[in-house]
Amino acid sequence: MARFRVNGVAQELDIEPEMPLLWALRDELGLTGTKFGCGVAACGACTVQVNGNPVRSCVTPVSAVEGTDITTIEGLAVNAAAALSPVQQAWIDHQVPQCGYCQSGMIMAVSALLTANPNPSDDEIDGAITNICRCGTYPRVRKAIRSLTAATTA
Amino acid sequence: MKINRRRFLLGTTVVGGGLLIGYATTRPSKHSVANDTLAENGQSFLTTWLRIDPDNTVTVLVPHSEMGQGVLTSLPMMAADELDADWDLVRVEQAPATDLFANGVLVKGFAQSMGVSVPGFLDGAINKVSEIMNIQITGGSSSVRFTGENGMRVAGAAAREMLIKTAAARWEVPESELTARLSHVHHEASGRTATYGELASDAARFEPSPNPRLKEPHEFTLMGKPIPRIDIPAKVDGTAAFGMDARLPGMLYAAVKTSPVFGNKLVSVNSDVALQRRGVVRVVELDDAVAVVADNYWRAKQALAALDIQFEATANDQVSTQSIYAQFDTALQGELNEDVEEGDTPTALAGAATTIDATYRVPYLAHAAMEPMNCTVHFHDGKADVWTGTQDNLGIRGRVASISGLDENDVTMHMFYLGGGFGRRLPNTTNTIDQATRIAQQFDVPVQTIWSREEDMQQDYYRTAVTSAFRAGFDASNNLIAWENHYIGKNEPAEAAHPPYSIPNKSIAYADSPTHVPLGAWRSVAHSQHTFFLESFVDELAHKAGKNPYQFRLDMLRDKPRHTAVLKAAAERAGWERNLPEGHAMGIALQESFGSIVAQVAEVSINSDGSVRVHRVTCALDCGRSVNPDTVASQAESGIIYGLTAALYGEITIANGRVEQTNFNDYEMLRLSDSPEIDVVTIESGAALGGLGEPATPPVAAAVANAVYILTGQRVRELPLKNYRFTAAPVERVA
């Protein structure tokens, strides 16, 4: 049995311990907001937060997240106790997404970064946000991140 | 797309036979068919693309796919503006993939863009053609300039006239005394007012005019304003559904391995190994592939990996990038097909004071959309349902029908957002759909076929590799008098290899040289290769002639005022070659594609490891008029990064008949850390609308390579740039 909490809800799944968290979320729990992009942790579309840390769920076996608290894009706003988290709101304000497929992972990675480091340097942003976006939303991703850190870095 | 139940019903209850806008050329008109078959709860279709509910909401039905280009916002803006609708009361739905919503305006737009004149009385016939051809395509940067300009605006204006006519009849006042504003019709003299919702059911009894009065730009209330995109909220909270997110009761998942050598057939597979694994339901053998179907995609994928699959060996196993390039070189020495012949190029070259030769080459490229290819199909009760994101819903409906032998009207498409299109999800690139259909035919439950990233990368329809050989001649005064260009493959669009510059003698020709590598349209199609070739070679010529590359181009654009204005705007905005930091240089490039003119200036430096760093790209573009300026900017940013990714990293190579690259670790992508600043300036020339999804992609490779030449003295004649290690050896600059 794999046991962990997803967006505050306890889950108990009779699945193989080596099943990647991505497929447990998508195919067993029906949480399709987390995306499959590459399967080898190269693109970040599958990024979720495990105990607040960004994790690429496509290569993370459920055995490695036993007993943890997992947050997916569906739960981000719930944890923020608002309709949208500040990152999500910034994404709307700066009209960031295009096709949108990579944006769940992008938003999860950015919100984990800003929680851990509310005032990242450009190098720190570059180092932390390595998610691939084929639509090329990077300039707006950076602007949206900067809008959230502007108070302390402008 | 949020798929609600009514949308499902829409797909199944329509009877065919109607035509597009329902104008006077057809009986029964399309909107009356829509009202008879689709309207419910007091709804009224005023054209097939506009439905008004009694609560005064206006729903715009968009016959294009949303893949991030903002079409679900820009097209409703165009209809709503002409309709004088209150934007807060406008809703959007994707038009069902049924005959009734085939897109005749698009066919007409493409015909006219190719120089074919289509008289109005043929509109009905065009619509019929669009039905027969199953046209509902999103591609060719066409949605706003054709469907929007010639379809949505006309539909909105016609509906507005029908509403005014209805109010005039109801109140017994002349139409001229009525005004439409914010989804209401007003009679100022008597103070009477009615909502569109109150008038719609009576208005629907009129025929929509085929040529209603359209607004002048100064009358626009929505067009030209940066309206937030309708699809974005769902894309930040995880609710936006892509094809891969289809979830259905009892569904199964299929993982597929196709012959890595394109076209080679399956010989054998040891299915038993897979069947013993947890969750595996069946192993399906296809002509050139094996699928494992299981109750969870990961289980299917793991079982597939455990199989020993044997494919046949053929002569194609010997094909490599090197053999293909050798084949191209041979073809260029053989028989050529004429593209452009102007003046007398052989004589001009023979008499030239100076000639310059250069051969350019670019590799195959994969689309690598973020959402790996996938398709879900359910056969039941002699019918099929299909869940997928595609650039052509009607075309895919037809494809599934033809493979399964069903009538098209028994195939229902369920539409989704596309996790990237870029040409990969166009018709005639249906290998995923074909497989998904054949796999699902063996089941009575829905089966979702998902390609791994590796399959996605190795079974693409690739942007073709091209070799392009140039020879140019100058006269004794250093004027460019002759241009000869021989390249591989017929171009789409046909003008991709035509330089915009005034050169008296031009001879452009191509050689056919097919290989077994499957080809498809890749964002900007042939412009992506040829703009790199043309704008790099023109840059070579400028340096050869001792002229500044910017001025050299300007001098040859005297009869092209729009091109001149765009080139100047880019150079001025970028501060062409002014105040550059030490070690930085600028390159410039220009191209017209899909009706828009784009110039870009790239500011570049060389990293200490000899790789290329692009700091800033300044982009000037003239698309006639901006419908949604923020979308114009975002499409330019997107096109530049797509083109820059290819210029820096993009390379699909062939060895032993198969693609060598497997995933993003060996087919690299630009990321945030190497993404340049992008500055977009638009020129509102008022010309006919141009496209936006593609035109920003072509120029960037040449702009960067031209800057690299300034920094290193090395002319880049092959991409990608990752294959070079440059050492800085600046060439002398020409002021």
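Predicted model: local features only at pLDDT ≥ 70, side-chain atom pairs only at ≥ 80, totals over all residues.
Local features require pLDDT of at least 70 and side-chain atom pairs pLDDT 80 or more, while totals for chains, interfaces and linings use all residues. Residues are numbered from 1 along each chain as written, chains are lettered from A in the order in which they are written, and side-chain values use heavy atoms without hydrogens or water.

In chain B, the axes of helix α6 (residues 143-171) and helix α7 (residues 196-203) come within 9 Å and cross at roughly 90°; helices are DSSP runs of H or I with at least four residues, and axes are lines fitted to C-alpha atoms over the stretch in contact, with angles from 0 to 180 degrees between N-to-C directions. α6(B) is therefore roughly perpendicular to α7(B), a term for angles of 65 to 115 degrees. On the α6(B) side, M162(B), L163(B), T166(B), A167(B) and R170(B) meet residues of α7(B), including Y196(B) and L199(B), contact meaning heavy atoms within 4.5 Å. This contact comprises 7 nonpolar, 1 polar and 3 charged residues.

Across the whole structure, 7 cavities of 30 Å³ or more are found, a cavity being a set of points on a 1 Å grid where a 1.4 Å probe fits but cannot get out. The largest cavity has a volume of about 120 Å³. Its lining holds 16 residues, of which R463(B), S528(B), G643(B), A646(B) and L719(B) are closest to the centre; lining residues have an atom within 4 Å of a point. In chain B, α15 (527-544), α18 (629-648) and α19 (699-712) each supply at least two lining residues, and α18(B) gives the most, with 3.

Methods:
Parallel < 35°, antiparallel > 145°, perpendicular 65-115°, else oblique. Nonpolar A, V, L, I, M, F, W, Y, C, P; charged D, E, K, R; others polar. 1 Å grid on protein atoms, 1.4 Å probe; cavity = no way out; pocket = protein on both sides within 12 Å on 5 of 7 lines; lining within 4 Å. Points joined across faces, edges and corners; volume = space filled by probe spheres on them.
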